[in-house]
Amino acid sequence: MLQSPALALVAFLAVLAFNTPASASPDPADWDAVLTEARGQRVYWHAWGGDARVNDFIAWVGRETRARYGVDLRQVKVSDTAEAVSQVLGEKGAGRDTGGAVDLIWINGENFATLKQNKLLFGPWAQQLPNWRYVDVGGKPTVLEDFTLATEGYEAPWIMAQLVFYHDSRRLPEPPLSMPALLAWARAHPGRFAYPQPPDFLGTTFLKQALYGLLEDPSVLLKPVSQDAFDTLSRPLWDFLEQLTPLLWRSGQAYPNNGARLRQLMADGEIDLALSFNPGEVSTSIATFELPDSVRTYVLSGGTIGNSSFVAIPYNANAIAGSMVVANFLLSAEAQARQQNPRIWGSPSVLAIDRLPAAERRWFDQLPSAAASLSAEQLGVPLPEPHPQWTERLEQHWQQSYGVSR
Amino acid sequence: MTEHDTMPTGLCLEKLEIVREGLTLVSLDTRIAPGEVLTVMGSSGSGKSTLLAVIAGAVAPVFQVSGRVLLDGRDLSGLPPQQRHVGLLFQDDILFPHLSVGGNLAFALPPALRGRAARRARVEEALMQANLKGFAERDPATLSGGQRARVALMRMLLAEPRVLLLDEPFSKLDAELRLQFRQFVFTMAKTRLLPVLMVTHDIEDARAAIGMVVTPKGKALTI
Amino acid sequence: MTPRPHHRKDLLSWAPWLTLLVLLGPILMGLLGTLAPAFGWLPALGHREFDLTPWRDLFAEAGIARSIQLSVTTGLSATLISLLLAVLICAAWQGTGLFSRIERLLPPLLSVPHAAAAFGLAFLIAPSGWIVRWFSPWATGWDIPPDVLIVQDPWGLAMIAGLVVKEVPFLLLMLLAALGQVDATRSRLVAQTLGYGRIMAWIKGVLPQIYPQIRLPVYAVLAYSMSVVDVAMILGPSTPAPLAVKVITWMNDPDLSLRLRAAAAAVLQFLLVLAALGIWKLGEFGLARLGRHWLETGGRGQRQALWSGLGLGAITLIVASLVLGLLGLALWSVAGLWVFPDALPQHVTLQSWSRYGPALGRPLVDTLIIAVTVVLLALVLTVACLETEYRHGSRPTTRSLWLLYLPLLVPQVGFLPGLQVLFVGIGVNGTLGAVILAHLIFVLPYVFLALADPYRAWDPRTGTVAASLGASANRILWRVRLPMLLTPLLVAAAVGFATSVGQYLPTLLTGGGRITTLTTEAVALASGGDRRIIGIYALLQMALPFIAFSLAIAIPACLYHRRLGMRNTL
């Protein structure tokens with residue numbers, strides 16, 4: 001989207017300007033210097049604030065970084081990551097190239113692509129973090145490729161996410177394990193399934209997952225796609241939706257806004273089958289009484305889409321050293337085990353647990369199990385995210401065909 | 001009526017004209033000596049109250065005013081109301097509802113009178129004169145109409161005015177009270193040698209005042 | 001009657017200009033900041049040429065015509081229904097004991113935030129909602145809720161209902177304020193003695209007198225209903241959504257080029273509001289002509305009982321849905337597992353309060369600091385303006401009143417994003433000062449409107465008497481006028497306080513996310529959809545204005561408990 005060479009030059013100069021004075025260019029390779037500079041800094045972390053479990057976890061991270069490194073972490077709770085992107089964009093537009101309001105962003109996918117392509121990110125830095133060495137680069141390739149876009153060290157992974165389905169085992173003991181099975185079940189039980197309205201992230205992911213289950217050769221999904229090719233290749237999906245939509249909750253005349261609303265529909269008994277992008281969501285929701293304890297999680301037989309969530313530092317961040325210290329702490333075994341704890345958050349770790357030294361691995365050995373959660377084996381190897389062009393065209397086509405009820 | 005006096009005391013209205021939208025409402029050229037009463041009689045809407053507002057310095061800009069108002073030889077035009085030393089009494093007593101009776105009276109005392117005890121003594125004395133001993137702490141809303149009227153009068157007098165302007169001051173009182181209060185006001189004015197300008201449409205008030213009676217346009221009336 | 005202008009030019013005379021600057025400056029700058037990208041100018045993204053692409057993209061969007069139509073129809077119907085109901089309730093019941101009870105209910109009803117009211121209503125009327133739960137399964141036989149489209153219906157009926165329950169109390173309050181200006185009781189009595197029925201007497205004898213005074217509030221309701229975002233997201237249709245929701249969705253899209261389309265849509269939204277105001281104005285004009293004829297036909301009004309009953313039914317329904325909706329949310333805040341078709345939670349727990357309670361401290365403090373500062377500034381400016389008006393004897397023109405209403409008539413999504421860019425540019429975004437200034441734009445009109453009438457109604461002879469007793473203009477202001485107007489001052493402060501506490505978009509955009517208030521926290525957490533959290537925040541968001549309104553009543557009552565004359569100054 002950024003075509004103007006002048007703007008690219010400005011961004012380039014801005015990065016240069018950061019790199020010249022010693023105080024503004026912390027080099028993650030010299031970690032001691034980073035730690036020294038970070039002490040006393042205040043880090044504003046713009047992170048989605050819609051889940052109290054996540055907010056609690058971030059509050060804990062803040063207590064730890066303050067005690068250990070003297071870094072004062074403040075969560076800026078956004079209702080949409082794009083708000084933070086807007087902020088950086090607004091600052092760029094206003095010529096504020098230092099001392100920006102955003103120090104760290106919880107980010108992935110399109111938002112990352114936007115910031116990276118517009119040269120609005122600081123870096124590269126992530127792969128020089130001391131804790132990077134335990135990241136499961138081999139087993140979880142998504143830590144290096146964010147929606148097929150190479151991260152190139154401009155963002156550091158911190159949690160894994162994977163599409164899971166969940167069902168109330170009392171009302172639906174044997175859930176459908178494939179897209180055709182889902183359609184057949186819906187015919188027998190109309191109005192008992194819903195997915196969030198695209199372009200909500202979870203809703204779009206459902207469309208991509210359906211493509212994976214309906215295409216003969218899903219490998220095309222990983223490559224860019226022209227409009228013509230898209231029209232031919234995606235036909236099975238639209239045939240599928242043509243049949244599924246009248247069988248959806250409210251006959252597809254209304255959709256839940258997001259995953260949280262979907263969970264509420266499940267709790268209210270309005271649907272029997274739903275989906276989530278956090279494999280631990282059901283367990284923690286049972287603990288907070290948001291779902292009955294008869295709800296169970298599962299993945300489709302061919303596997304489901306998974307990705308990683310990252311943290312990135314804007315080019316004009318005020319506390320770059322402090323932000324790197326926080327990102328590094330997020331990759332520590334202690335923090336990773338805590339977020340994976342189903343009683344706390346239940347989000348899978350990005351680390352290669354078997355490669356951890358024994359002293360670090362014990363954090364994971366102590367984790368409790370939960371009936372509604374899946375083991376790493378049950379989750380299986382996640383399917384990679386399709387190329388962003390697919391996302392864009394899927395959302396556009398969906399909006400045209402189903403975004404206006406008939 | 002047109003007799004001019006060179007003595008500077010009292011209230012002089014020198015060729016005073018009040019015009020609204022080309023219509024002359026008031027046209028007076030007269031003097032009220034200390035202790036004397038001039039009554040302006042006219043129907044409602046004839047500009048009587050505007051006359052008082054002009055003298056007190058509180059007139060809306062829609063009126064055009066020409067001529068001069070002199071009080072004890074001092075030209076009032078251009079002076080803010082608080083520097084005119086003009087005492088006003090309306091048919092409503094306009095006591096401040098958020099202050100006690102004593103508070104209302106103390107409000108009027110000049111700041112030159114210093115010391116809490118001295119000011120309080122002055123208030124008590126005024127209450128005594130008005131036959132309202134011990135009323136200092138009372139809520140004005142609990143007083144009878146006659147009592148309120150007397151408080152309003154005493155409040156006005158405590159501010160040490162040099163002229164009294166009365167705007168139908170008795171019209172809301174019932175017959176017996178009216179007689180008493182009218183007597184009380186005029187006696188107070190006389191003993192303090194204050195010129196009094198009263199506007200009214202009540203012939204009884206005009207009679208009781210014992211003085212010249214004119215229309216707003218300056219025509220003398222016999223009653 | 002006012003004192004003559006003094007020679008010394010005092011500070012006060014600057015107040016109207018300063019107020020105008022505070023109100024209009026940010027709106028104009030913000031509108032410019034929206035207009036430029038709508039025509040392709042957004043240098044930060046490399047768009048440096050004016051063109052019409054954003055508009056072409058906007059009109060190429062699937063379902064855009066329906067989005068536009070929804071904005072207009074939901075806005076106009078919500079306003080029309082609210083106005084008719086408010087007038088009917090006033091006409092049928094003003095002057096009765098029931099009406100004074102309604103009057104007392106108004107402040108707490110008005111302190112319910114729009115979003116909370118919408119969530120509450122959604123939980124009441126959904127097929128899996130509270131009402132169905134009361135009757136299930138014993139009466140309905142439903143073990144699972146029926147698949148019926150009630151909330152988010154494509155016609156926007158649920159959304160209209162959500163707006164009506166909030167706007168009727170607001171218009172009732174405005175009607176009440178206007179009634180204070182005319183001799184409603186005697187006007188109606190005169191009409192009744194001429195043989196008109198009670199309701200007809202009010203509509204023919206009183207309404208024409210007061211409609212001019214509630215005209216601007218009605219316009220504000222119309223502008224608000226057309227461009228509301230939160231209520232539309234909770235209760236409104238999504239296939240497609242009304243235009244204002246589209247603006248926000250595009251504004252928040254990761255694809256930054258959509259911001260141009262968002263800006264074009266924001267401009268379109270502004271034009272739609274202008275057009276709707278025009279339609280309304282035409283309607284007023286036509287109705288006035290027809291109405292004059294109708295007034296002279298001499299119809300005395302039939303079916304008195306039917307209309308009274310209708311008014312009673314409407315207000316009962318409105319109060320019940322607000323109260324029950326909030327009660328439902330309050331119950332959710334202490335609910336353990338609560339599934340369909342249980343009418344009550346399986347057990348009650350304080351878990352949610354103990355989880356979210358501790359995190360409330362900072363936002364609460366920030367909310368209070370901002371609201372109190374904004375209210376003080378608004379009071380100072382308002383009193384300064386009104387006092388200048390009084391001292392210089394100038395009467396406000398209708399045009400200046402329009403200016404005052406501008407922040408309530410221009411859709412927030414139309415100018416706030418532009419304002420944010422401006423604040424970022426001068427480096428104040430994310431500071432308390434920026435948030436306070438942004439709040440002031442919306443608080444000032446309400447404080448002014450709440451205070452202006454009592455301030456102007458103050459008997460000027462009181463000032464004349466005080467001046468003749470030797471008091472200077474300032475002494476009169478501080479010792480006589482303000483103490484006498486204590487109750488209206490505090491009520492205006494409470495209105496301003498409630499307005500400040502409820503601001504979402506201005507806080508979010510100018511606070512840069514660093515300044516968090518109860519409302520921004522509530523919306524961020526509400527995006528997680530748990531009714532327990534929504535319940536907690538709704539209660540707190542309501543509690544603050546409620547406390548403010550209670551103090552506004554209690555403080556004068558306490559200070560002036562021995563001053564009978566101060567009891568009926570409201």
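## Chain B on its own

Let's start inside chain B: among its contacts between residues at least 6 apart in sequence, 70% join residues at least 24 apart. Here, two residues are in contact if their C-beta atoms, placed from the backbone, lie within 7 Å. This is a predicted model, in which local features need pLDDT of at least 70 and side-chain atom pairs count only at pLDDT 80 or more, while totals for chains, interfaces and linings use all residues. As for labels, residues are numbered from 1 along each chain as its sequence is written, and chains are lettered from A and ligands numbered from 1 in the order in which they are written.

Chain B has six helices and nine strands. Helices (H or I, at least four residues) and strands (E, at least two) are DSSP runs, numbered from the N terminus. The C-alpha trace spans about 50 × 40 × 35 Å along the principal axes of chain B. Its radius of gyration is 17 Å, which agrees with the value near 17 Å for a compact globule of 223 residues. That radius is taken over C-alpha atoms, and the globule rule is 2.2 Å times the number of residues to the power 0.38. Of the 223 residues in chain B, 44% are buried, where buried asks for 20 or more other C-beta atoms within 10 Å of a residue's own, with C-beta atoms placed from the backbone.

## Chain A on its own

Chain A has 16 helices and ten strands. A compact globule of 406 residues would have a radius of gyration near 22 Å, and chain A agrees with its 22 Å. Along the principal axes, the C-alpha atoms of chain A fill a box of roughly 65 × 50 × 35 Å.

Buried residues account for 55% of the 406 in chain A. Helix H12(A), residues 320-330, is mostly covered, with eleven of its eleven residues buried; among them are A:Met324, A:Asn328 and A:Phe329. For contacts in chain A with a separation of 6 or more, 82% come from residues 24 or more positions apart.

## How the chains meet

Two pairs of chains touch, and the most contacts are between chains A and C. Chains A and B share no contact, and their closest C-alpha atoms lie 49 Å apart.

The meeting of A and C takes 56 residues from chain A and 52 residues from chain C. On the chain A side, H4(A) gives the largest share, nine residues. That side divides into 20 nonpolar, 22 polar and 14 charged residues. In this scheme Ala, Val, Leu, Ile, Met, Phe, Trp, Tyr, Cys and Pro count as nonpolar, Asp, Glu, Lys and Arg as charged, and the others, Gly among them, as polar.

Over at the other pair, 28 residues of chain B are in contact with 25 residues of chain C. Helix H1 (48-56), strand E6 (86-90), helix H2 (101-108) and helix H4 (145-158) of chain B each supply at least two residues of the chain B side. The largest share, four residues, comes from E6(B). By class, the chain B side has 21 nonpolar, five polar and two charged residues.

## Two crossing helices in chain C

In chain C, the axes of helix H14 (residues 304-333) and helix H25 (residues 531-559) come within 7 Å and cross at roughly 115°. Axes are lines fitted to C-alpha atoms, for helices over the stretch in contact, and angles run from 0 to 180 degrees between N-to-C directions.

Residues that meet here include C:Leu326 and C:Trp332 in H14(C), and C:Ile534 and C:Leu539 in H25(C). The contact of H14(C) with H25(C) has eight nonpolar, two polar and two charged residues.

Key
A residue is buried if 20 or more other C-beta atoms lie within 10 Å of its own, exposed if 12 or fewer, and partly exposed in between; C-beta atoms are placed from the backbone.
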